[in-house]
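Let's take a walk through this protein chain together, stopping at a few spots along the way. Keep the structure open beside you as you read.

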Amino acid sequence: MTRAAVLTAVGAPLEVAEIELPGPGPGQVRIRLAAAGVCHSDLSLSDGTLRQPAPAVLGHEGAGTVTAVGAGVDTLAPGDQVVLNWAPSCGDCHFCGLAEPWLCADAGKAAGVPYAKLAADGSDLYPGLGTAVFAEETVVPAHAALPLPSGVPLTDAALLGCAVLTGWGAVHHSARVRAGESVAVFGAGGVGLATLQAARIAGAGPIVAVDVSPAKEELARAAGATDFLLASDDTAKRIRKLTGGHGADVAIECVGRADTIRTAWSSTRRGGRTTVVGIGGQDQQVTFSALELFYFGRTLSGCVYGNSDPAADLPRIAEHVRSGALDLSAMVTGHITLDDIPAAFQAMRDGRGGRALVVF
């Protein structure tokens, strides 16, 4: 038996329960989790903003140790430490053929296939985003488990699976921030803090963090923000003032709200780049006039999983972790248990804290 935080139905609170987890089948591995980050995407899955069959075990940002491998797996062995990849690319679809693995058409297939059973009644359970790391153990396809680079603490490594890859990729792949460019980051949660660190490592400056909570200022400045602004109706105007009157070269939105996306766009200079990382609901509609699209010449782009290739990016990111330039532990504002996840969800709704980390 394995303990897990179970979403019994969309909109229902998570319940910690015993589940029956099978051994790994062909091409699969079983992993004992060391830690799992509580991401806003998990909240979006639980409340129906993102689709997820239920009942399910959520959680997609995790790291742990392989305990068993199924037939045909020769890339991993028991004892290997790994980071979970919730969007593993197939390598064969149209997008993989374009060298855009973050858009893989088959990356989300595992989430729609039952992977375990609820011990109480034997009902099928689905793995949240294909990984189901809100549990002591999980079973995933072997290509969804990436070897942990040396020198990275296993518990902290959970953050690499989503927040860090997303924030790093938003800066280095999507926005392509260059040294000396000004950057505005909207939202100082887990992804936002990773984005601020990535912007600092890229040599950006000034780096302006924007959030609704004044309590986030200390976290944001520790991550690399040179300035911190409380979100208000004149945020764009204040960012322009901090950037020579022009606006930020790059604005990165990590919230997923229409008003925040619109403000990020308005905070960007003519010819600048606005990258949207946050995941919003279908009801969040953003409008632009045809004239401003022409006049400002800005680039507005979505960003999926940091537009990253996790297998290639993890070793690069690990170099910065080992050097001390990227501080994973500084993003964590609470070490919790499975039973504490509902409280961590509420903290995200309230805009409190950075990343909560479930430690097993």
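Pro55 sits in the loop between helix 1 (40–47) and strand 4 (56–57); helices (H or I, at least four residues) and strands (E, at least two) are DSSP runs, numbered from the N terminus. The peptide bond leading from Ala54 into Pro55 is cis, with omega near 5°. Another cis peptide bond runs from Gly205 to Pro206, with omega near -5°. You will find Pro206 in the loop between helix 4 (190–201) and strand 12 (207–211).

Before going on, note that this is a predicted model, where local features need pLDDT of at least 70, side-chain atom pairs count only at pLDDT 80 or more, and totals for chains, interfaces and linings use all residues. Residues are numbered from 1 along each chain as its sequence is written, and side-chain values use heavy atoms, leaving out hydrogens and water.

Now look at Thr65, which lies in strand 5 (residues 61–69). Is Thr65 buried or exposed? Thr65 counts as buried because its relative accessibility is 14%, and buried means under 20% relative accessible area, exposed over 50%, partly exposed in between (1.4 Å probe, protein chains only). Leaving aside residues up to four places away in sequence, Thr65 touches Arg30, Ile31, Arg32, Gly79, Asp80, Gln81 and Leu154; contact means heavy atoms within 4.5 Å.

Finally, visit Ala99, in the loop between helix 2 (94–97) and strand 7 (116–118). Ala99 has a positive phi of about 60°, although it is not a glycine. With a relative accessible area of 55%, Ala99 is exposed.
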